[in-house]
Amino acid sequence: MTDKTLPRGTSGAPPARFDGDKALALVCVGVPLIGLVLFFLYPMAIVFLRSITTVDGEYGLSNYAEVLGSSGFWRATRHSMIMGGATTLLSVVLGFIIAHGLYRCAFRGKRLIRAVIVLPLLAPSLVQALGLIFLLGRNGVVNQLFGVEMEIYGFWGLLIANTLYALPQAVMIIGAALVLLDARTYEAAEVMGASPMRQFRDLTLPAARFGILNAAFVVFIITITDFGNAAVIGGDYSVLATEIYSQVIGQRNFNMGAVVGIMLLLPTVAAYYIERRAMRLQGRHPVNAQRFVPRFTPARDLPMAGLNLLICLAVLSVIAIVFYASFVRLWPYNMSLTLKHYDITLAGGYSSLWITIWISLAAAAGGTFLVFLLAVGLRRAPAMLAQPLQVLAAMPAAVPGMVLGLAYILTFNSTATPLYLLYGTAALIGIVNFYHYHTQAFLTVMTGFRQLPSALEEAAGSLGAGLGRVAVNIIAPFVAPMLISVFFFLFMRSMVTLSAVVFLTTPDLSVAAVTIMRLDDAGLTSQAAAFSCCVMAVVAAALLGMKAILAYLGRNAGTGSDG
Amino acid sequence: MTTPVSVSRITASLLALGLAMPAAAGELTIYTALEEEELAAYTEAAQKALPDVELNVLRLSTGKLGARILAEADNPQADLIWGWAVTAMMDPRILEMMSSYEAAGVDVLPDRFRDPENRWFAPIGYMGAFCVNKPRLEEKGLPMPTSWADLAQEGFKNEVLMPDPNSSGTGYLHVNAVLQSMGAEAGWAQLEAVDPNMAQYTSSGSKPCKSARIGEYTVGISLAFTAMQSIQEGYPLAMVFPEGGVGYELEANGILSSTDNAGDAQKFLDWTMSDEAIALYGEYKALVTVPGVGQSEAAAAAGLPEDIGTVLADVDFDASAKSQVETKKEWRERFGR
Amino acid sequence: MYLTVEHATKTFGPFVALDDVSIAIEKGEFVCLLGPSGCGKTTLLRIIAGLAETDSGVVTIEGETLSNQPARKRGFGIVFQSYSLFPNMTVAENIGYGLRIRGAANDQIAARVRELLELVKLPQLADKFPSQLSGGQQQRIALARAIAVDPRVLLLDEPLSALDAKVRADLRSEIRQLQRTLGIPTLMVTHDQEEALALADKIICMNHGTVVQAGTPEDLYHRPETRFVADFMGTSNLIETDVIRRVQPDLLQTRPDAPDADYIACIRPEHIELTPDADGTATVREISFLGNLKRIELDSPLGPLLVETHGAGGFSPGDKLALGIAPEHCVWVRDDVIGAAA
């Protein structure tokens, strides 16, 4: 132990006497904080008020009593917890395999793996649902081929669907922890005679713990809040999100739905608390610029490549079968090919696609910027402020989209505040998309920030750089890979997310996900699939375009960024 | 990348949307749950008939629309509700928001298709149906079911789907019809008998039919509209109305009292009872409550009887609306999974 | 006094990192803060740099109080132990960064960068990225980056500890040379007494958050005031008063008048003369050959002793020897090591 670990470990926060910097640090924390308060905390406070509003319009806990007294609620809770746990375990293991393959192993085709693994993020939920049914359903391809009748509706189908959706997010967060690991420690371990297995156990796992725990946290809460998969493939496996749907949509009883929505925050807060406790045992990981370049090691890389390939094939097949089916005349009864499903005139046709792109770009750019500001600000904020703020920033994923969307109506469709001006605007749709995915964006950037050595900031500070310069010249380039993946993540999700947005569209303003839902509602499932494929193609094209621009900029700047 | 023109256009529209208010004079915001295809036809005709009024129509499914209308209740955004399930409309919280208006021509409707206080009237409706996948039925060697009782047969084990009445209006439509047409005791017993064969209770009303049409299950207890639409597309489905009567739902229209454009809203409601509109209903709807409207082609093709009354259950909507909370609760206790 | 720290106190929870510490650096002086891990030396450096705050106490430079100035306004240069080069910038960009912040013209920056690269003898590396450099090269660049802005004080936080022995020795002499040439007042934190002895004009020896002794390297080596300093600065033979009184009372003449337990005799290994003597009281236990000298472990009436000789004396283990210790070479130091007697 050197004498510097003690003071730094216990205090961490740099001095608070920055004058101009102090103001800037305040802005860094303040602006995202105001955003979180206005667009998350305030709507959720209104949800909470609704949850304690009784039938006769008074405040009381009778709604809670009723929910807690129903056996359906406890069954759904048990199911949600089991499903959350199982999905978390599976997603984190598979996510780690992929992230480890991508960043710590040597084999070809990583670009392809990276591309395939994000597919579930850019696919509208309908695609995943259809894909799984076409593939694994009772009348699906697998059952037809092997002449069996496998039953996917229920626990197993839901587990697969949730894992598909959670996997790319787990990879994103775990990857953020693995990509920046220092090569030197591995060289040191190698020299000391540590076997690859030992190195993995003693170096990789501990170092990736922050990422693994963050990923587990995110996967757990997006699983227990997800409604789409549960409705389509969950069969009778009722979960808390289906309880909310049944209350809010089926019985038009928002107050009771709000109770379940508020209850969903509890396991989330608990999970977050456990995660933070576990984190505290791990000191900050010292890192420097030595990048790890894996050398081909057959014993490690061949199985890893095989596993990666297998997972990617599974993901790809689900999406690909829908793509194929969108050209099939009448799945599964008339398999001749046709383009007719692409001739979409109902539900507004293709018009919603373009406005969705703009909204998504704005949500992604604004969101990435805000999350970056917040992460920078948190480094300078006193612990008293930083800790509650971190919990707040990690909370939004705990709110099912449906609850968030309705909360936005209750909050912003009130002429009582100037926020009313936002109601019915594209801006509000962008905002709800960002805050819906705030948790994932925030935790990914924070995972990157943890790898940032404080010596870099301190050195820049001593050279005379203020916080603004440090943020732009030092921090931003360092966490650039995370910022880019957060931007793409927000963009992809904004393009296809339905749950919250469905309540905020207006007659003049519809988004692609709503068009898909309307086509499917109209029974035109093949057209909905075709439209989904168009959305995926547009998103993919946009992503490739942006990557090309980034690569071009990167080359011009001649920096060593290798994200 | 885009041209500067489209950027500025979007900016302009964002600004305009930034000031979104309940539609001003000359504009109507209409919330509807009508099906896309008919909606497109009706809207086009209505817009032609009312050239000075800009019709802004928002379409959502019955359940989501209800959630939205109630969430917006403190400051309603819509001027009109058009073609929305009457069971939902009869929710006291919704009725409270509606204004009375006797649309021109509404007097031709029998009393049970209009509110005594003229807050809503329902010239059209939709009905439930069994969607039966013929190849799967054959493969399983099962007889074509013609009644709820048939679905209780051993061979249908895990081959039947129906929507959960607690999540779906369609689910309630069926449960209510069974209870009202057979009487409460016999009705519950019937549902009890079918329950072991139910593979799932789904949250969406059209899902059972969509699952049945691609051969995932044999019978989907669902909507006639989805069945007809699927048959038209070519799916090997049979649409079956259970003996003893199938449930149906009325699609009601009404004006929200918060509207600041009551004049245009009334003109629109008048249009929904115009000869032109009624003629269009005849083209698209299986269930038209306006007396003397002939059967639509699609309905005939799908095998709907000419006198629709023969297949409909005898439903008392008032009673159905009043008992729905109790019924759903009891259903949940008996069949909740 | 160019730079002073007066009565600095700093606690982290129950842990007292600095306990009323005062130090001073003269213009052009090279000062080493020396002490074991956890003695508070790095905390003190960070306080001077403006990277940490004191609970109480002031830092001044040329009479001006710095306490309210953030690090970036102090105009100091700092080099850390870990590689703190900005990974996204080239070597040249790293060195020029401070000047860029100060708004210097591009050609001016380029010239200065060239000059500094020459100075640290790495002119060929301008366009490389830090990840392409060896550890020693990185620290040279970090040094160049720190002095590029003509800092008022250069702060070095264990800059050599992460390097291997040969590179460390080379860089050590270069730092010394550079500092002499440029005359920048320099404060270096180290736990390596050899490094401190070689580099410093003045050594400030710290322990448990306090300054134990400050002075020239010769002072600290030859005239340690406490047992801790004597022990930490090289090796020494520490012998309790009653043993001296019994075996060689003439050494007591330099002892301050105080209770036995307060002072202890410190005799450096090179100050004990050995003569072969069959009737000698000391016996050779072991001999290690260190090139230019020999280290001999003895058993003697004074207890086990360590002696270093340059002579060619051909002793072998088991030989009997006579000891010669001149009273002026026996330094009496305060016994400040708690519980050491046990």
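Before going on, a word about the model. It is a predicted one: local features need pLDDT of at least 70 and side-chain atom pairs count only at pLDDT 80 or more, while totals for chains, interfaces and linings use all residues. Residues are numbered from 1 along each chain as its sequence is written, and chains are lettered from A and ligands numbered from 1 in the order in which they are written.

Where do the two domains of chain B run? Domain 1 covers 21-125 + 250-294, and domain 2 covers 126-248 + 309-335; such bounds come from an automatic or database domain assignment. Taken over C-alpha atoms, the centres of these two domains of chain B are 28 Å apart.

Now follow strand β10 (residues 248-256) of chain B. Helices (H or I, at least four residues) and strands (E, at least two) are DSSP runs, numbered from the N terminus. Nine of the nine residues of β10(B) are buried, so this strand is largely enclosed by the rest of the structure. A residue is buried if 20 or more other C-beta atoms lie within 10 Å of its own, exposed if 12 or fewer, and partly exposed in between, with C-beta atoms placed from the backbone.

Which strands pair with β10(B)? Among them is β3 (residues 80-85) of chain B, joined to β10(B) by four bridges in the antiparallel sense; two strands pair if DSSP finds at least two bridges between them. In this pairing, B:Ile81 stands opposite B:Gly254. Strand β4 (residues 98-99) of chain B also runs antiparallel to β10(B), with two bridges, and B:Met98 faces B:Leu256. Strand β5 (residues 121-133) of chain B pairs with β10(B) over five bridges, again antiparallel, and B:Tyr126 has B:Glu249 as its bridge partner. In general, strands of a sheet pair through backbone hydrogen bonds, either parallel or antiparallel.

Next, step out to the neighbouring chains. Of the two pairs of chains in contact, chains A and B share the most contacts. Their contact takes 50 residues from chain A and 52 residues from chain B. On the chain A side, α14 (240-250) gives the most, with six residues. That side of chain A divides into 26 nonpolar, 18 polar and six charged residues. Chain A itself has 25 helices and two strands, and 56% of its 563 residues are buried. No contact joins chains B and C, whose closest C-alpha atoms lie 30 Å apart.

Finally, look at chain C. Its open sheet of four strands has the order β2-β1-β4-β5, with antiparallel pairing. The edge strands, β2 (15-25) and β5 (64-65) of chain C, each pair on one side only. Seven bridges join β1 (residues 3-12) of chain C to β2(C), and C:Val5 stands opposite C:Ile23 in β2(C).

Definitions and conventions: Two residues are in contact if their C-beta atoms, placed from the backbone, lie within 7 Å. Ala, Val, Leu, Ile, Met, Phe, Trp, Tyr, Cys and Pro count as nonpolar, Asp, Glu, Lys and Arg as charged, and the others, Gly among them, as polar.
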